[in-house]
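Here's a walk through a two-chain model, written for someone who would rather look at residues than read a methods section. Keep the viewer open as you go.

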Amino acid sequence: MTGIDRDILITRVLDGEATPEDWAAFRAMAARDQSVWAELADAQQDRAELAGALAEAIAVADAVHAPVEVHAGERFNTRLRRGVAWAGWAAAAMLAVGAFTGRLGISAGPGAQEAGLFPISSSEDALRLYFDKGQESGRVLGELPDRVLLSSEALADGSGFTVVYLRQFVEQQQVPDLFRLGINEAGEQVPVPIARPVQGVRY
Amino acid sequence: MTDFDGVHPEDSRLIEAAIASDPEALRLVWERHRRWAAALILAYKPREADLEDLLQEVAMSFVRRVHELRDPAAFKPWLRSVAINAARLSGRKQTLAKKHGRRLRLLVEQDGPGPTGPDVATAQREEAQRLLRLAMELPETYREPLLLRCMQGMSYREIGEITGLPESTIETRIARGRRMLREKAALQEVAGREPPPGPLGAGGTDGDSGVGERHERGSHA
């Protein structure tokens, strides 16, 4: 048996990974050379001491927690930053396409004057229903006349353009809390709760 | 949020939920795996780096980046590489101020009152720490599996999952590592001198006085 075979056998016995065959081989080896038992005892002591020292050294790990809340806050801030960046870019790219809608000021939305039931067969129908129901409940105030152009591309046949744009609807609702954007000490944007509302004051 | 109260879900299920950014799963997975991550940092970090600081970094990377994993089976090797990278990079990030702070702390500790007399428990503890310092001097190849094996209940198979090595390789490296450690300890006893302090963490023994030589241990080298 080579030195490394002997070491592996002792290691298996020590670590509780020895098979019945390993144990038989170990006993046969110990019958030939009794120093194996002393070697096993030493290895056992080494292992216990090392495990104890390691446990002590890494005990600090139990006090290190996964910063889940910080991470959630960061993700919120990232979304917020993306939103702000997007809004900034969109404002810069704003192009009045009033001629497209033909309305000025807040409009009551397409077909706001049309009442009654009608089947929903298109997105325009669905939008009309949204305006009707929203205005009934007071949730929907109208649509801003300007549309924000995001991109335009000439059609292959030269008959016109494909335009991608934003439409902006104005809604209102009552909320128990209001937040404003503040900057923390790390220079990051964070939501800051506004004090309890005072009647008649606009925030 | 998934409710993991009162159950002990399979590691893979839990890791899957953590990858999906479930906050409770993130907490539980970290608690299950942080100790071996700490052992790995200890095995790879430079002596002057602080274990707790590095583990905080790893915890942050864990919650920030675990969602990038596609396969829960890749989690352990991934966390291993995060821990080892943090440990290795720390050598470059040490600030002068921190080094000065640590040096000052050591001076204060050395000036403070020492042990009042020989104490068996203290001697045993120092002996164990001396052995750990010697283990830190082993080549990385042997140091890592040897320390992981010292973690309670970590089998060759589990060490293989973390390191990506076959169990037989782990077994051989642990056996060789133990042999090398025993030889180092025996050599030191013969030389009758304390080695230079190794890369222990925050709970380590920098500034150790060298008390507690190994007693009545034969060399089988």
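## The two chains

Chain A has six helices and six strands. This is a predicted model, so treat what follows as a description of a prediction. Along the sequence of chain A, the order is α-α-α-α-α-α-β-β-β-β-β-β. Of the 203 residues in chain A, 27% are buried. If you take contacts in chain A between residues at least 6 apart in sequence, 47% of them join residues at least 24 apart. Chain A exposes about 13000 Å², with carbon and sulfur atoms supplying 58% of that.

Chain B has nine helices and zero strands. From its N terminus, chain B reads α-α-α-α-α-α-α-α-α. It has 221 residues, and buried ones make up 46% of them. For contacts in chain B with a separation of 6 or more, residues 24 or more positions apart account for 68%. The accessible surface of chain B is about 11100 Å², and 51% of that belongs to carbon and sulfur atoms.

## Where the chains meet

How much area is buried between chain B and chain A? The figure is about 4100 Å², and carbon and sulfur atoms give 58% of it. Chain B puts 47 residues into the contact and chain A puts in 39. Between the two chains there are eleven salt bridges and 13 residue pairs in polar contact, counting pairs with both residues at pLDDT 80 or more.

On the chain B side, the elements giving two or more residues to the contact are helix H2 (23–44), helix H3 (51–65), helix H6 (120–136), helix H7 (140–150) and helix H9 (167–191). The chain B residues that touch chain A divide into 24 nonpolar, eight polar and 15 charged.

## Salt bridges to look at

Side chains of opposite charge can pair when their charged atoms come close. Searching the whole structure turns up 28 salt bridges over all chains. Here are four of them, with the N to O distance for each.

| Pair | N to O distance |
|---|---|
| Arg12(A) and Glu171(B) | 2.5 Å |
| Arg35(B) and Asp62(A) | 2.8 Å |
| Arg139(A) and Glu171(A) | 3.2 Å |
| Glu144(B) and Arg80(B) | 2.6 Å |

Start with the salt bridge between Arg35(B) and Asp62(A), whose closest N and O atoms are 2.8 Å apart. Arg35(B) lies in helix H2 of chain B, while Asp62(A) is in the loop between helix H3 (35–57) and helix H4 (68–92) of chain A, so this pair joins two chains. Arg35(B) is partly exposed at 27% relative accessible area, and Asp62(A) is partly exposed too, at 37%.

Next, Arg139(A) and Glu171(A) form a salt bridge within chain A. The pair links distant parts of the chain, 32 residues apart: Arg139(A) is in the loop between helix H6 (123–137) and strand E1 (140–143), and Glu171(A) is in strand E4 (residues 169–171). Relative accessible area is 37% for Arg139(A), which is partly exposed, and 36% for Glu171(A), which is also partly exposed.

Inside chain B, the side chains of Glu144(B) and Arg80(B) meet in a salt bridge. Glu144(B) sits in helix H7 and Arg80(B) in helix H4 (residues 75–93), so the pair ties together parts that are 64 residues apart in sequence. Is Glu144(B) buried or exposed? With 4% relative accessibility, Glu144(B) counts as buried.

There's a network to find as well: salt bridges that share partners join Arg6(A), Asp7(A), Asp33(A), Glu39(A), Asp46(A), Arg179(B) and Arg182(B).

## Two loop residues in chain B

Ser21(B) lies in the loop between helix H1 (11–19) and H2 of chain B. Most residues other than glycine have a negative phi. In Ser21(B), though, phi is near 70°, a positive value. Ser21(B) counts as buried, with 18% relative accessibility.

Glu68(B) is in the loop between H3 and H4 of chain B. At 47% relative accessibility, Glu68(B) is partly exposed.

Note on methods
Residues numbered from 1 in each chain as written. Chains lettered and ligands numbered in written order. Heavy atoms only, no water. Helix = DSSP H or I, 4+ residues; strand = E, 2+ residues; numbered from the N terminus. Buried < 20%, exposed > 50% of the residue type's maximum accessible area, 1.4 Å probe, protein only. Contact = heavy atoms within 4.5 Å. Areas by Shrake-Rupley, 256 points an atom, 1.4 Å probe, with all protein chains shown as cover. Buried area = accessible area lost by both parts, 1.4 Å probe. Salt bridge = Lys/Arg side-chain N within 4 Å of Asp/Glu carboxyl O. Polar contact = N/O pair within 3.5 Å; in protein donor to acceptor, adjacent residues only side chain to side chain. Nonpolar A, V, L, I, M, F, W, Y, C, P; charged D, E, K, R; others polar.
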